[in-house]
Amino acid sequence: MRRALALLTILGVLAGAGCDGTSPPEAGTAAPLATPGPAGDAFYQPPTRPSDAKPGQLIWARPVPSPDGLTGFAILYWSTATSGDLVAVSGVAFQPEEPASAGPRSILAWAHGTVGLDDSCAPSRGYSRGAGDSLSLVRRAIAEGAIFVASDYEGLGTPGEHPFMVNEASARNVLDSIRAGSQLFDATGASAFILGQSQGGAAALYAAEIHAKYAPDIRLVGAAGVAVPAGLDELDAQLAGGPYFGYVLMTAHGYRTAYPQVAMDGLTAAGSTALDEIPGRCVDEILGEYADGRTDTYGTGAVLDAPEVRALLAKNELGGAAPDVPIMLVHGEVDDTIPLQNARELRQRYCAASAMITAKLFPGKGHVDVLPAALPEILAFFKQQLAGATASSTCAASG
């Protein structure tokens, strides 16, 4: 769940508009198939929702600084909250400047890792300054001739609070970002692949699980989850007393946000204060302040162990159903945030459900540095699925 911004260091991301090949948008540049969005923070404030609005429908877009050879936009689109209501969600979309050789381009949808809960943490705000959290990943996608889309997720940048680790919400946001990117760049019918890390890894795999029901119009060919936080009902006990206890508080806040009917009676006074304060902070600040926190200090154990909450955690758990597309599960052997055993148990659940899963373990890699190590194999997996390769499974292998 480590902050996605760590990707800047690991992948050598470009920093600063107009630097290292990142060019500001030309005056008058407009998205090809979208209403131009307003400048400044007004971009994130949606208009009144039309009665005929649909999930994935673009609201508007505006140019963002892009590396040479790319055209990029911040986007605002409709998605579906856990309540079933449509909410506005922000994100970004890039495509190569050169025309596609034939037919629609493929789409790589990126699901980012944990950034925090405040609107200022939204990754698209960084892209608007020419310093997005994964511009190197954008370049890799574009080098493959693909469109790149990335959702901020509900409540990051846009009105309302962020339902952290509520996979049914973030998965819908990711699927709808594909719809929005397809509309923006006139790529209806394009094949799509989802890649996510940490919180986003869970969103990517959950999106693959619900794809057939929620977004059958999307030609999804596969999904990859890296350093995936599976075993939601165990994370409270696993993270208590360590440097990442802040994630437990964020999860409690996320479920209170998504499911307002959930009682938080078990919280202590310190827990109630924490849940009221963390929505205004990004992940590094949250982790720093609540490092070494204990469940009895904040009462999170009582809340997350309540039958009603455990049922909701189970609803958002991965591995309950086999995705209708091949998936890849990637984990670092020395991940100090999400225990390796959690990944192994998730693999077992997918295998029991007869999922088409390729599981990869990277020795010596942790929660963050496993992504750049695995990226070549992930992109090769992506291209195999685009080419219609026969799906394989590592379920017969040990480990």
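Before counting strands, I settled what pairing means: two strands pair if DSSP finds at least two bridges between them. I also kept in mind that this is a predicted model.

**Entry 1, the sheet.** I traced an open sheet of nine strands, in the order β2-β4-β5-β7-β6-β8-β9-β10-β11, and the pairing is mixed. I then asked which strands stand at the edges. They are β2 (58-63) and β11 (357-362); each has a single partner strand, so one side of each is left without a neighbour in the sheet. On average, neighbouring strands here are turned by 20 degrees against each other, direction ignored.

**Entry 2, β4 and β5.** Next I followed β4 (residues 70-80) into β5 (residues 86-96): the two run antiparallel and are joined by eleven bridges. I checked two pairs across them. Ser 79 stands opposite Val 87 in β5, and Gly 72 stands opposite Phe 94 in β5. The two strands form a hairpin with five residues between them, and in the turn I found Gly 84 with a positive phi of about 95 degrees.

Val 92 has Ala 150 in β7 as its bridge partner. Is β5 buried or exposed? Ten of its eleven residues are buried, so β5 is largely enclosed by the rest of the structure.

I finished with a length check on α7 (residues 246-258). At 1.5 Å a residue, its 13 residues should span 18 Å, and the end C-alpha atoms are 18 Å apart, which agrees. How many of its residues are buried? I found eleven of the 13, so to speak a mostly covered helix. Among the buried ones are Tyr 247, Met 250, His 253 and Tyr 255. What covers them includes α6 (235-239), α8 (269-277), α9 (283-289), α10 (295-298), α11 (300-304) and α12 (307-315).

Conventions: Residues numbered from 1 in each chain as written. Predicted model: local features only at pLDDT ≥ 70, side-chain atom pairs only at ≥ 80, totals over all residues. Heavy atoms only, no water. Helix = DSSP H or I, 4+ residues; strand = E, 2+ residues; numbered from the N terminus. Axes fitted to C-alpha atoms, helices over the stretch in contact; angles between N-to-C directions. Buried < 20%, exposed > 50% of the residue type's maximum accessible area, 1.4 Å probe, protein only. Expected span 1.5 Å × (residues − 1). Contact = heavy atoms within 4.5 Å.
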